[in-house]
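Here is a short report on helix packing and aromatic contacts. Please read it alongside the model.

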Amino acid sequence: MKIIHIITTINRGGAENHLIELVKGQLNQGHQVQVAYLKGDGYWTSHYEELGAMVTPLGLKHYGEIRPILRLRKLIQTFKPDIVHAHLASAELYTRLALFGISSQKLPWVISKHNDHIFYECLGHQMMGRWVSRRANRIIAISNAVKNYHCEYLRYVPDKVAVIYYGIEPKPYENIHSQTVQLMRQSWGVDNNTFIIGTVSRLISAKALDILLKGFAIYLQSASVPTKLLIVGSGPLELELKKLAEQLKIAEQVVWAGFRKDIPAVMNTLELFVLTSEREGLGQVLLEAMAAGKPIVATNVSAIPEVVEDKVTGLLVPPRHPDKLAQAFKFFEQSEARERFGFAGRLRVKSVFTLPRMIEQTLAVYGECLKDRGLK
């Protein structure tokens, strides 16, 4: 089978990292895969090429350009795929325009919805989202929360939407040498007796990191062990959040680690992982933390309850409730609780969020499209 994936960027991110694993699995099964991206620095290009995928930048400089549409249409005509698969709203729109005049029977199109959010931040977003999705043969939602949101918002026909969870390979998170962890903690000025609460996140408003800082400040008032908060990631709110940490008088207890590539090692340095998002399509970082055997504290929103079993693999708290966060942090001071919840999380990743399942279910959706076309 010849498959072309179109995505907004191939920089690091949840959907982008997911696509790497999906493409790898498809290549391993003997399929030909082409990846086209609209914009960005092409971070994953060399990795894709090492796997055996072809990569094409579409050269989008600003939205409204016609050239990327023409480039994508020419690429489709040259590559002659059996399936076109788009990821993220911008890529959906440009793919829809590139497919204009090509029927769904002639060339099946699959859309993956990676979040429960409006199509774009502008007037007419709902109408545009519906127009784009009407051309799709099948839609993949990465969680039930995402499916339910778009069935209401974009009026998707439920039978047209398949829920396919992200998958993850747990081994890289299990094979981190203790010396690597030790050196990393030392680089952050953290000794072995310090309780590290950590998150990996873009520093944007949807992640509600202001609530994390406030919850951590409340927790420190009753903490019975030396504790640090590790924040891994970068984003536009970095200076604002650092200023808030100073105002809360917790700046010395917060480690700003910035953007990092070595997430398996980072996860292994933590005692507890926290995610305070106000919405999440799925939350791949949750899978990464669970694969490392870490207990979770997270907000009870969107798809997070589909990933984190409350009182089994972690504790779920209401969004924007720093006092509830503080209570959960206090609970996980107990090493026995951390071990029990972390062990359950690792088992859950290995049983529910597996790569073979994700790859096979995605190929099954393609098969349905081809069957409708009369080719299978």
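How many aromatic pairs does the structure hold? It holds eleven. Rings of Phe, Tyr and Trp (its six-membered ring) pair if their centres lie within 6.5 Å; planes under 30 degrees apart count as stacked, over 60 as edge-to-face and the rest as tilted.

This is a predicted model, where local features need pLDDT of at least 70, side-chain atom pairs count only at pLDDT 80 or more, and totals for chains, interfaces and linings use all residues. Residues are numbered from 1 along each chain as its sequence is written, and side-chain values use heavy atoms, with hydrogens and water left out.

**Aromatic pairs**

Two of the pairs are set out here.

| Pair | Centre to centre | Angle between planes | Class |
|---|---|---|---|
| Phe195 and Tyr219 | 6.5 Å | 75 degrees | edge-to-face |
| Phe331 and Phe332 | 5.0 Å | 80 degrees | edge-to-face |

Phe195 sits in strand E8 (residues 195-200) and Tyr219 in helix H9 (residues 209-220), so their pair ties together parts that are 24 residues apart in sequence. Helices (H or I, at least four residues) and strands (E, at least two) are DSSP runs, numbered from the N terminus.

Phe195 is buried at 4% relative accessible area. Tyr219 is buried at 0%. Buried means under 20% relative accessible area, exposed over 50%, and partly exposed in between (1.4 Å probe, protein chains only). Phe331 is partly exposed at 28%, whereas Phe332 is buried at 0%.

Ring pairs also join Phe195, Phe216, Tyr219 and Phe329 into a cluster.

**H4 against H5**

The axes of helix H4 (residues 89-98) and helix H5 (residues 125-134) come within 9 Å and cross at roughly 55 degrees. H4 is therefore oblique to H5. Angles under 35 degrees count as roughly parallel, over 145 as roughly antiparallel, 65 to 115 as roughly perpendicular and the rest as oblique. Axes are lines fitted to C-alpha atoms, for helices over the stretch in contact, and angles run from 0 to 180 degrees between N-to-C directions.

Which residues meet? Glu92, Leu93, Arg96 and Leu97 in H4 contact Met128, Trp131 and Val132 in H5 (heavy atoms within 4.5 Å). The residues of this contact divide into five nonpolar, no polar and two charged.

**Helix H6**

In helix H6 (residues 144-153), Ala145, Val146, Lys147, His150, Cys151 and Tyr153 are buried. The buried residues of H6 pack against H5, strands E5 (109-113), E6 (138-141) and E7 (161-163), and helix H13 (304-307). Just after H6, Arg155 adopts a positive phi of about 55 degrees.

Definitions and conventions. Ala, Val, Leu, Ile, Met, Phe, Trp, Tyr, Cys and Pro count as nonpolar, Asp, Glu, Lys and Arg as charged, and the others, Gly among them, as polar.
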